[in-house]
Amino acid sequence: MSIPRNAYQQIKMIIRDQSRVLTSEEDLVSYGYDASFGFYLPDLVVQVTSVEETAGILKLANRFKIPVTPRGQASSLSGGPLPVKGGIVLDVSQWNRKLIVDSEDLVAVVSPGVVTARIDKEAAKYGLMYPPDPGSSQMSTIAGNLAENSGGPRCLKYGVTKDYVIGLEVVTPQGEVMRTGGRTVKNVSGYDLTKLIVGSEGTLGVITEATLRLVPRPPSSRTLMIIFNHFIDSGRMVTQILTSGILPAKIEMMDQASIRAVEAYKPLGLPTDAEAILLVALDGHPAAVKDESEKIAEIAKGVGAREIKAAETDREAGELWQARRLVSPAIVRTKPTKISEDATVPRSKIPEFCARLQEIKMKYRIDLVVFGHAGDGNLHPNIICDKRDKEEMKRVEKAIEAIFHTALNLGGTLSGEHGIGTMKSAYMPWEFSPEALDMMKRIKTAWDPNNILNPSKIFPVPGQRLVLSE
């Protein structure tokens with residue numbers, strides 16, 4: 001749809017700085033993408049930097065029934081910030097000035113465009129930590145992380161984004177400003193609107209400020225690399241660690257394809273002949289870290305690990321974690337298209353999920369790379385392909401469906417941290433009953449009766465399926 005002329009004139013009155021109202025074709029095209037798959041052109045982009053501007057735009061959009069798509073840095077892997085219905089993209093990435101750490105209350109108060117990694121960096125000055133650390137934390141905005149309830153490697157021990165949000169300022173689809181929660185760690189007054197908004201993918205309101213819980217930074221840490229000749233053994237190792245009474249900060253898995261891709265991209269001395277490696281981070285009291293390292297070494301021998309190496313310096317540990325971070329850019333060197341999934345299974349099903357993923361790879365003849373947060377069952381099966389190859393993309397579609405079927409049959413979920421967005425909405429009926437989906441839709445309708453806020457996300461339309469081959 002196009003923006004009515006009188007609505008556009010009012011938008012220019014709300015946003016006094018006209019450089020933050022973008023209408024040129026090149027600007028609109030750049031806002032039609034995210035890090036997932038698909039392209040949708042918005043009619044207008046507005047870069048908001050205040051709650052008054054945000055409220056004004058939403059009041060106007062609600063009156064004229066103009067779709068509004070909130071957007072941060074667009075690092076989403078599920079299509080969350082794609083303007084499927086056109087309309088206005090509401091960009092909060094420039095709204096990044098507030099980042100206040102209160103070391104007495106152990107909280108940080110931040111504006112929506114603050115880059116996530118900055119929060120942890122600022123907290124570290126006070127001996128504190130903001131634990132959620134998604135792979136995109138060096139570029140993603142906190143508002144985007146809140147919208148998707150992002151996780152990351154440390155969520156195994158510390159939990160995901162929603163576990164650290166205790167208060168929000170939110171603008172409703174009608175342009176009303178409200179606050180949820182507060183600055184207290186315990187709060188059971190009324191419905192928990194904070195938790196409802198976190199993970200709602202921008203469909204219920206626009207987050208304009210967040211109060212986040214911080215925790216003391218651990219005094220000691222250690223990183224281990226465990227090398228396996230057999231991929232399935234790495235899955236068994238994860239289960240053995242977690243049932244031993246040890247709770248690492250991180251357990252990350254890399255299969256042979258990702259190991260070789262990283263080593264070709266940037267040589268770090270990784271064992272390219274191994275079928276898998278696990279990277280395990282332990283933190284806490286130095287004595288506890290030492291004891292747990294020794295126990296993990298014993299477990300590794302018991303499950304048939306080929307070798308276990310401990311990083312002796314911070315630099316060595318940094319290189320190991322750099323290897324994990326480099327997987328995504330490394331694996332797209334052979335083909336230009338990457339489909340990143342994050343189906344998640346119960347921890348006890350990790351070995352079986354690993355085995356089934358290898359079967360899917362062979363059955364559909366796809367380039368499947370498996371890595372991710374093995375400690376909480378949140379693997380990232382990435383399919384490397386070329387969207388120009390229609391026959392290949394049809395096989396990819398079938399493989400994605402097989403991955404989702406497998407995860408759900410094992411008692412898992414469609415998404416552990418990327419969200420549903422456009423990429424997984426067709427499969428929501430596979431996971432949820434009609435009654436559960438109906439209740440979600442009723443909540444959406446109650447909050448946003450005109451369906452202006454991030455429409456065409458999460459909920460499927462009849463007959464919808466993921467199509468990548470057109």
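Residues are numbered from 1 along each chain as its sequence is written, and side-chain values use heavy atoms, with hydrogens and water left out. Because the model is predicted, local features need pLDDT of at least 70 and side-chain atom pairs count only at pLDDT 80 or more, while totals for chains, interfaces and linings use all residues.

**Exercise 1.** Determine how helix H13 is oriented relative to helix H14, and which residues meet.

Solution. Begin with the elements themselves: helices are DSSP runs of H or I with at least four residues, numbered from the N terminus. H13 spans residues 350–363 and H14 spans residues 390–409; their axes lie 10 Å apart, at an angle of about 160 degrees. Such axes are lines fitted to C-alpha atoms over the stretch in contact, and the angles run from 0 to 180 degrees between N-to-C directions. Angles under 35 degrees count as roughly parallel, over 145 as roughly antiparallel, 65 to 115 as roughly perpendicular and the rest as oblique. H13 and H14 are therefore roughly antiparallel. Next, list the contact, which means heavy atoms within 4.5 Å: H13 contributes Phe353, Arg356, Leu357 and Ile360, and H14 contributes Ala399, Ala402, Ile403, Thr406 and Ala407. Finally, sort these residues by class, which gives seven nonpolar, one polar and one charged; here Ala, Val, Leu, Ile, Met, Phe, Trp, Tyr, Cys and Pro count as nonpolar, Asp, Glu, Lys and Arg as charged, and the others, Gly among them, as polar.

**Exercise 2.** Work out whether H8 and H10 are roughly antiparallel or oblique to each other.

Solution. H8 covers residues 231–242 and H10 covers residues 286–302, and they pack with axes 10 Å apart at an angle of about 140 degrees. The two helices are therefore oblique to each other. Met237, Gln240 and Ile241 of H8 meet Ile296, Ile299 and Ala300 of H10, a set with five nonpolar residues, one polar and no charged.

**Exercise 3.** Describe the lining of the second largest pocket.

Solution. The lining comprises 34 residues, and those nearest the centre of the pocket are Asn149, Val198, Gly199, Ser200 and Glu201. Helices H7 (193–197), H15 (428–431) and H16 (434–447) each supply at least two lining residues, and H16 gives the most, with three. By class, the lining holds 13 nonpolar, twelve polar and nine charged residues.

**Exercise 4.** Identify the residues that line the largest cavity, and sort them by class.

Solution. The lining consists of Ala35, Ser36, Phe37, Leu77, Lys338, Ile339, Ser340 and Met423. Five of these residues are nonpolar, two are polar and one is charged.

Key
1 Å grid on protein atoms, 1.4 Å probe; cavity = no way out; pocket = protein on both sides within 12 Å on 5 of 7 lines; lining within 4 Å.
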